[in-house]
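Let's take a friendly walk through a protein structure, looking at how its parts touch each other. Have the sequence and the 3D view ready.

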Amino acid sequence: MQKQAMLKVESQRLVADRIYELILSGEQVKQMVNPGQFVHLKTGSFDDLLLRRPLSICDVDSSTETLKMIYRVEGKGTERLSHKKSGDEIDLLGPLGTGFPVEEAQPGETALLVGGGIGVPPLYYLSKQLISRGVRVIHVLGFQSKKDVFYEEEFKQLGDTYIATVDGTYGTNGFVTDAIARMELQSDIVYSCGPTPMLRALSDLYKGKRAYVSLEERMGCGIGACFACVCHTEDDPTGTSYRKVCTDGPVFKVGEVVI
Amino acid sequence: MQKQAMLKVESQRLVADRIYELILSGEQVKQMVNPGQFVHLKTGSFDDLLLRRPLSICDVDSSTETLKMIYRVEGKGTERLSHKKSGDEIDLLGPLGTGFPVEEAQPGETALLVGGGIGVPPLYYLSKQLISRGVRVIHVLGFQSKKDVFYEEEFKQLGDTYIATVDGTYGTNGFVTDAIARMELQSDIVYSCGPTPMLRALSDLYKGKRAYVSLEERMGCGIGACFACVCHTEDDPTGTSYRKVCTDGPVFKVGEVVI
Amino acid sequence: MSRLNTNRLNIELPGLSLKNPIMPASGCFGFGAEYAEFYNLDLLGAIMIKATTAEARFGNPTPRVAETTAGMLNAIGLQNPGLEGVLTKELPRLSQYDVPIIANVAGAQMEDYVEVARELSQSPTVAALELNISCPNVKQGGIAFGTVPEVAAELTSAVKQVSTKPVYVKLSPNVSDIVEMAKAVEAAGADGLSMINTLLGMRIDLKSRKPILANGAGGLSGPAIKPVAIRMIHQVSQAVSIPIIGMGGVQTVDDVIEMMLAGASAVAIGTANFVDPYICPNIIKELPNKLDELGIDHITDLIGGSWKELCSVR
Amino acid sequence: MSRLNTNRLNIELPGLSLKNPIMPASGCFGFGAEYAEFYNLDLLGAIMIKATTAEARFGNPTPRVAETTAGMLNAIGLQNPGLEGVLTKELPRLSQYDVPIIANVAGAQMEDYVEVARELSQSPTVAALELNISCPNVKQGGIAFGTVPEVAAELTSAVKQVSTKPVYVKLSPNVSDIVEMAKAVEAAGADGLSMINTLLGMRIDLKSRKPILANGAGGLSGPAIKPVAIRMIHQVSQAVSIPIIGMGGVQTVDDVIEMMLAGASAVAIGTANFVDPYICPNIIKELPNKLDELGIDHITDLIGGSWKELCSVR
Ligand SMILES: Cc1cc2nc3c(=O)[nH]c(=O)nc-3n(C[C@H](O)[C@H](O)[C@H](O)COP(=O)(O)OP(=O)(O)OC[C@H]3O[C@@H](n4cnc5c(N)ncnc54)[C@H](O)[C@@H]3O)c2cc1C
Ligand SMILES: Cc1cc2nc3c(=O)[nH]c(=O)nc-3n(C[C@H](O)[C@H](O)[C@H](O)COP(=O)(O)OP(=O)(O)OC[C@H]3O[C@@H](n4cnc5c(N)ncnc54)[C@H](O)[C@@H]3O)c2cc1C
Ligand SMILES: Cc1cc2nc3c(=O)[nH]c(=O)nc-3n(C[C@H](O)[C@H](O)[C@H](O)COP(=O)(O)O)c2cc1C
Ligand SMILES: Cc1cc2nc3c(=O)[nH]c(=O)nc-3n(C[C@H](O)[C@H](O)[C@H](O)COP(=O)(O)O)c2cc1C
Ligand code: FES
Ligand code: FES
C-alpha cells in the first residue's frame, strides 16, 4: 500500500500557547483508522531540516478525508510547519506504528484516558472510537499552566474531563496522578500518552492492569529500519530483546517495555 | 549606509524560456542609481542553499522605489526564486559593485550596447541613463534561439535594436559580433555584458577603444572580503596584481583585466 | 554504435552482477523487511544489509539519532541479531529476492570479524562481504581498525583468507590520508572498496547542556557530507585499481552521476531512505532519462569521468 | 551574588582582552576594510585577519568557491598582499580600532612561517598570532604541517621562539586523531588553539565533468561542518589546558552557546559573514538575552559546560 502522499493543508490555527491545530486532506487519510498511530511529516522541501517529524493522529474524518493534528512549536521543524497555509502541500508518510488497542475495552466498561501536554491529541480520536464502541470515557488532561490548555471543550463533549495544571493556574493543582487520586477516578482500562515521567508514574500506578502507554522517541526512518527508536523489554531489561517505538509502538501495554 | 534590507515582491512573470522578470520594492532601491551594479539575493530563509545569488539591476523606478531584475533559471537558487509570489519578502544586499561609466559617453555621441543572453538585463537601465544624458544608443542583443529572446520591444522603444540568434531562428544568424559586422554598426563607445567568449571577442574588436565589459564570476561575499572573484590585470597577467569582480567590477574597461 | 536498446544500467563488479548501480547502504535499510512493504526489492541493484556481529547486540542507549543542518547523527551502536540470527532468520527471508546481498561485517576484535566473515560468506544468499572497519559508534572497536593502515590491512587479509566471497572494505572518512588507507587494504587483497562511512560529529542540547545523543558523539551522514565523499572517491579511485561503491549524502539522480564521475562504480544510498522510502526505485527510474540528457550510452561510461579522458562518444 | 550589572561577555585569553567572545574567522573578513563600511569594527571581540605569507600571492585560478548543501567550498589559495603589504598597509589601517587583531600566519615551508611570525608579532597592532597549519588549499604546504603531529609541533616551537605575542595554533579537521595533534602543539608551547579549519571536499559539474573549483578540491565550511567542529572541540578541550577559539558553521547565537558548551572559550564566525554581513554584531547583541534565557550570569560559565560539572548558580 502506498504510504507516502502529498496532503493539502485545509486550515491551521493557534489553539493555545505555541500550540497549533493543523488539518490536512487527501486520500491517504482513508488508511488512518487506528487511534494512537502517527504520521511522519516533512516540514518543507528543503534539505536543511533533513528528517521527517512524527506527529500523532488527533482526529480523522473519513467522509471528508481530513486528518487533524495538534502540535507544539518546539524547534525549527514545528516552527516551519506553523507557517503552512491552507492550500500548501505537505509530504506525509503514514499512518505508521501500532496504536491504542480499542478492542481491549469492552462495551459498558469505563476507560480512563490520561494525557499530558502534547500527549493529549491522540486521545481525542481514541475517545471517539471508544465511545462508538459503547465504552464510557473519562479524560484527565495535564498541562503546565493555564495558557497551555487546549481542547478542554472538545473532550468535555465526549465525556467527563478533568484538567490538572502543574502550576495550579487552572483545574486541579499538580500532576495528572494527583487529579486521579483526588477525584478517586476508577476505571477498567487505562490509555495514556504524555511525557516520560508521567508515563512512569502511571505504569507504577497501573502495574499488572489493562493499561497502555504511548511512548516518544527520536526517530530516523519511522518505519522500523534504522533502529533509532528501540527500547528494552521489561523481561530482559539489560539484554538484547527490544521493541521499536515506531512499529511495535508507540503504544505498549504497561509492563511490556522499560520506560 | 545600510546595505541589507528585506524587499517585497511586487510581481514576477515569465518573459522567455526559463527567463523571469522579478520586480521588488523597498526603500533600499533609492541607492540603486548606477547601471551595471548588482544585488546579492537570498533565495529563501533556508540554510541548504547557503550563499546569496548575484543578479544585475535591470531597471529602477525611484518614484515607486521598485527594482526590476531579469534572470534565467539555472540551478536550485534561481529555481527557488522563481517560486516567489507577490507579497513575499526577499533578503537583498546591495547595490554592489562598480557599474557602467555613463559619464564616459558624451552627449551627442553614439553608444553601442552589446548584450548576450542573461547579460542583456543591465543594459536596459544603462540605455535609459545614456539617453537621458543625450547619448544615442544602438542595441545588439544575442540569444541562443528564438525562444530565448526577451525585451526586444522594450529596447526598441529606446533605440535601434538588432537581435542575433546563434541558431538563426530569429534576427541575424550568428553571434553579436556577426551582427555588428553585417550591419556595419559604428559607435563612439561600447558597453557590453554577456558570456565570456562574447566579451573576449568584443575585447579583441574594440582593443584600445572606449569599451567596457561586465564580467561574471562565482562569488562568496559579494563585497570584496573573500577573494573569491578576482581576476588578473592585463599589465601583470601572471603576477599578483588583481581586481575583484564584486567591487572593482563587475564592469571593467577593455584591456584592464584578463578575461 | 549505440547501445541504447540494451540494458544501459547494468554493472559487473567482483561477485556482483548489478542490474543497476543503486543499492541501499548498510544500516539504513535493516535487513530489507520494512522496505519490502514499500516496493519490490528486486528493483534494486543490490542490498547492503545491516552490520552483523558475532553476538546479538542491543546497541547504544537512546536518543540514538539527532538532526544536524542537512545531515543527521546516529549512534545506533550496531544493534543486530548476531551471526546466528542473521543466518537463520534474515538471510533465508532475503533469499526470495533476485538481488545480490552484500553482508556488512563488524566486530570488536579481529577474531569476531573472521568468524562472522567466514560464516556469512558461506551463505548462498550472500554475494559479497562489506567489511565495516570504520563504524565510529562502537567504543570497543571499529575506530582503530579504520584509521591505522597496517591494522586495516591485517584485518583485510585475515578476512580474505576465510571468505569464499569477494570482500569490499568500507573506509572511514575520519583519517588524515584516505589514499594510504585504500592502498593498504587493496594490497591486503580487498576486492573492492566502499566509501564513505560517517564523519564523527556531535550536537549539544543548550538546556540540558549534554550531547543530544546518549552516546555523546555519533556518525554524521546526509547531504552535508557529500562534498567530503566526492573528494575522497575522486582521490582514491585514481590511486587504486579495485572498484568503489560510493556513498555519502546521495539524494538525487544528479548526486549519483556526480559520485560516479568522481570515480564510483556503483552508489549506495543511506540516510535518504529515511526521508523518502521510495528513493532507491525512484532514482533507478530516473537514471535512463538522465543518461539521455547527458548524452551517455551506458552508465559505466560515467565512472571516473572527472579524471579520465572522455572515452564514450558524446 | 549576581554579576548582572557588569559586563557579562568579556573574556581574557592569552594576549587577548575580549569585550565579547565573537570574532570573524580568518579569510572571511579580509583585513576588515570591507566590513568597516557595514558597522563599527570596535563592536567585535577580536578580528582574525586573512592569512599572511612571506611574499604576496595571487592564489588559485577561479572559480574559487562553490556552494554545497548547507555549506560552501573554497580554494582561494591564500591570496594576500604578503608580509610587507600587511605591515605597511593593512595593519596601520586596523590600528585605528579598539579591537585585538589576531594575525593568521601561513607559509609553504617552516622558514616562511618563522619570518612572517617574527615580523607580524612585532607589530603593535597585532595582539596574537594564529598559525594556519591546516589550510588544505595550497599545494605546496599546509596539509603536511597540519596532519603530522611531530611536524606541527616542530613548527609551533619554531614560531614560539621568534614570536613576541601569544601563538594560537589553528588545527585541521582532516586528521585521524585531533587530540593527538592538539596535545603535540600544546606540548610545543602553543598558547591556545583555534579549530576547526575547513574539511577537504569537492563538487563535480555534471555537464563539464570537471570539478567546479578550478583547483579541484577545496575547503568545506558552513553549517554542514558544525557537528564535526563541536565533536572535535568537545574532545580536545578535555584533553588540553590551553583555551580554544572555536569555529565551524556558526550562524546563530545558539550555535555560539553550543560551541562554548562544547569547550570553546571564544567563537569565530566565517562563512556566515558572506550570508549576512551584520552577523557578528547581531549575535553580540543577542548574547545577553540568551544568557538570561539560559539563566547564566557570565558567558565564561558556559565554557566546557557539556562536560564540566555545573559551576554557576542556575
Ligand atoms: C510517535 C510520536 C508522536 C508524536 N506526536 C506529537 C503530537 O501529536 N504533537 C506534538 O506536538 N508533538 C508530538 N511528538 C513530538 C514531536 O515529534 C516533536 O516535538 C517534533 O519532532 C520536534 O521537531 P522540531 O523540529 O520542532 O524540534 P527540533 O528539536 O528542532 O527537532 C530536531 C530533531 O529531533 C526530533 N525531536 C525533537 N523532539 C522530539 C520529541 N519530543 N520526540 C521525537 N522526536 C523529537 C525531531 O523529530 C527532529 O528530528 C510526537 C513524537 C513521537 C515520537
Ligand atoms: C555580477 C553578476 C550579475 C549577474 N546578473 C545576472 C542577471 O541579471 N540575470 C541572470 O540570470 N543571471 C545573472 N548572473 C548569474 C547568476 O548569478 C547565476 O545564474 C545564479 O547565481 C545561478 O544560481 P543557481 O542557484 O540557479 O545555480 P547553481 O548552479 O545551483 O548555483 C550554485 C552556486 O554557483 C553560483 N553560480 C552559478 N552560476 C553562476 C554564474 N553564472 N555567475 C556567478 N555565480 C554563479 C551561484 O551564485 C551559487 O553560489 C549574474 C552573475 C554575476 C556575477
Ligand atoms: C542510522 C544509520 C546506521 C548505520 N549503520 C551502519 C552499519 O551498521 N554499518 C555500516 O557499515 N555503515 C552504517 N551506516 C553508514 C551508512 O551505511 C553510510 O555509509 C553513511 O550513512 C553515509 O551515507 P548517507 O549519507 O547516504 O547516509 C549507518 C548510517 C546510518 C545513518
Ligand atoms: C573563503 C574562505 C577563506 C578562508 N581563508 C582562510 C585563511 O586564509 N586562513 C585560515 O586559517 N582559515 C581560512 N578559512 C577558514 C575559516 O577561517 C574557518 O576556519 C572555516 O571556514 C570554518 O568556519 P565557518 O564554517 O564559520 O566558515 C577560510 C574560509 C573561507 C570560507
Ligand atoms: S525510527 Fe527507524 S526503527 Fe524506529
Ligand atoms: S565575492 Fe568576495 S571578494 Fe568578491
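On the side of domain 1 of chain A that touches domain 2 of chain A, the strands β1 (4-16), β2 (19-25), β5 (59-61) and β6 (66-72) of chain A each supply at least two residues. β6(A) gives the most to this side, with 4 residues. Strands (E, at least two residues) are DSSP runs, numbered from the N terminus. The residues of this side of domain 1 of chain A divide into 11 nonpolar, 3 polar and 6 charged. Here Ala, Val, Leu, Ile, Met, Phe, Trp, Tyr, Cys and Pro count as nonpolar, Asp, Glu, Lys and Arg as charged, and the others, Gly among them, as polar.

A word on the model itself: it is predicted, so local features need pLDDT of at least 70 and side-chain atom pairs count only at pLDDT 80 or more, while totals for chains, interfaces and linings use all residues. Residues are numbered from 1 along each chain as its sequence is written, chains are lettered from A and ligands numbered from 1 in the order in which they are written, and side-chain values use heavy atoms, with hydrogens and water left out.

Where does each domain of chain A run? Domain 1 covers 4-96 and domain 2 covers 102-214, with bounds that come from an automatic or database domain assignment. Their C-alpha centres lie 23 Å apart. The contact (heavy atoms within 4.5 Å) takes 20 residues from domain 1 of chain A and 15 residues from domain 2 of chain A.

## Two interfaces side by side

Buried area is the accessible area (1.4 Å probe) that two parts lose on being put together, summed over both. A salt bridge is a side-chain nitrogen of Lys or Arg within 4 Å of a carboxyl oxygen of Asp or Glu.

| Interface | Buried area | Share on carbon and sulfur atoms | Salt bridges |
|---|---|---|---|
| Domain 1 and domain 2 of chain A | about 1500 Å² | 62% | 2 salt bridges |
| Chain B and chain D | about 2700 Å² | 63% | 2 salt bridges |

Within chain A, the side chains of Asp59(A) and Lys128(A) meet in a salt bridge (2.7 Å, N to O).

In all, 32 residues of chain B are in contact with 33 residues of chain D. Leu50(B), Arg218(B) and Phe227(B) supply 24% of the area that chain B buries against chain D, more than any other three residues.

## Around ligand 2

Which residues come nearest to ligand 2? Of the 20 residues around the ligand (a heavy atom within 4 Å), they are Arg53(B), Pro54(B), Gly77(B), Thr78(B) and Arg218(B). A polar side-chain atom of Arg218(B) lies 2.7 Å from an oxygen atom of ligand 2. A polar backbone atom of Gly77(B) is 2.7 Å from an oxygen atom of ligand 2.

Note on methods: Polar contact = N/O pair within 3.5 Å; in protein donor to acceptor, adjacent residues only side chain to side chain.
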